[in-house]
Amino acid sequence: METSRGIVVEKQDIAVVAIDGPSGTGKGTIARQMAEYLGWHLLDSGALYRLTVVAAQDSAVALDDESALASLAAGLEVRFASATDGNEQIFLGQTDVTDDVRNEETGKNASKIAAMPAVRTALMELQRSFREVPGLVADGRDMGNVVFPDAPVKIFLTASPEERAQRRHKQLKDKGINVSLPVLSADIAERDRRDTERAVAPLRPASDAEILDTTSLSIDEVVERVKKIVARALSDR
Ligand code: C5P
């Protein structure tokens with residue numbers, strides 16, 4: 001690819017920080033803060049699976065129709081933006097679909113369609129297209145293992161299931177959404193099971209990933225540790 005200054009850079013020379021882990025580990029927040037700190041691009045890969053669900057619902061495609069879902073995934077017209085208050089905005093074509101993308105039901109359905117090999121393949125190119133100069137912070141489940149196996153920095157975040165359910169509960173409550181803690185815990189356990197047991201790209205740390213247990217850490221503490229891991233890895237390049 002060619003930069004705006006006309007310098008040719010090979011994709012594999014563009015650094016990627018891959019941040020993987022199950023739901024509720026703070027991946028999204030950490031990745032966003034790291035991308036801002038580094039001044040790099042951000043890929044929220046989970047949003048692409050969620051958007052595929054939203055696109056399917058918009059065009060009345062059944063959530064068990066793998067080939068139709070794969071076609072939708074391959075043609076997603078997505079745009080990530082920030083509202084004036086700094087909140088994220090996700091557009092599908094011209095439509096702001098942020099609330100649909102972020103709701104719990106969409107997350108649950110995303111984990112179902114994410115088990116379909118054709119959907120995963122269809123989203124591969126789109127995910128890799130986010131790798132642009134000066135660098136990319138990518139969060140998801142298989143960033144380090146499958147999508148960017150050559151990423152120079154791979155971090156796998158974990159936290160106990162109880163802590164993850166509590167975090168999710170607080171996050172939703174702050175948005176005015178009341179979901180009972182036991183229901184959330186059961187949903188998280190079910191999602192973990194589907195993500196780790198699926199045949200394609202199951203959720204697991206890359207062999208060269210640094211594992212970081214965030215159970216007793218604040219977001220700021222995790223960000224500080226991630227910054228150190230990134231600085232060390234990039235200085236070794
Ligand atoms: O991270 P988020 O909750 O937005 O992801 C929604 C679902 O999409 C996950 O439960 C997972 O099944 C799937 N996913 C995936 N691979 C990724 C990112 C998300 O399978 N890289």
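Strand β3 (residues 78–82) is joined to β4 by 5 bridges, and the two run antiparallel. Helices (H or I, at least four residues) and strands (E, at least two) are DSSP runs, numbered from the N terminus, and two strands pair if DSSP finds at least two bridges between them. The model is predicted, so local features need pLDDT of at least 70 and side-chain atom pairs count only at pLDDT 80 or more, while totals for chains, interfaces and linings use all residues. Residues are numbered from 1 along each chain as its sequence is written, and side-chain values use heavy atoms, with hydrogens and water left out.

The hairpin of β4 and β5 has 2 residues between the strands, and Gly93 in the turn has a positive phi of about 60°.

Strands of a sheet pair through backbone hydrogen bonds, either parallel or antiparallel. One of its pairs is β1 and β6, joined by 5 bridges; Ile19 has Asp139 in β6 as its bridge partner.

Angles run from 0 to 180 degrees between N-to-C directions, and axes are lines fitted to C-alpha atoms, for helices over the stretch in contact; contact means heavy atoms within 4.5 Å. The 12 residues of α1, at 1.5 Å a residue, should span 16 Å, and this agrees with its end C-alpha atoms, which are 16 Å apart. The expected span is 1.5 Å times one less than the number of residues.

Which residues of α1 are buried? They are Lys27, Ile30, Ala31, Met34 and Ala35, where buried means under 20% relative accessible area, exposed over 50%, and partly exposed in between (1.4 Å probe, protein chains only). These residues cover an arc of only 130° around the axis, which puts them on the same side of α1; the arc is that of the directions from the helix axis to the C-beta atoms. The buried residues of α1 pack against β1, β2 (41–44), β6, β7 (153–158) and α10 (219–235). The face turned away from this buried side carries the exposed residues Glu36 and Tyr37. After α1 comes Gly39, with a positive phi near 75°.

A nonpolar core is a set of buried Ala, Val, Leu, Ile, Met, Phe, Trp, Tyr and Cys residues joined through side-chain atoms within 4.5 Å. The largest has 37 residues, of which Leu43, Leu51, Leu123 and Phe148 touch the most other members. Among the elements that give two or more residues to this core are β1 (16–20), α2 (45–58) and β4 (88–92), and the largest share, 8 residues, comes from α2. Apart from this core lies another, of 20 residues, among them Ala15, Val137, Leu217 and Val223.
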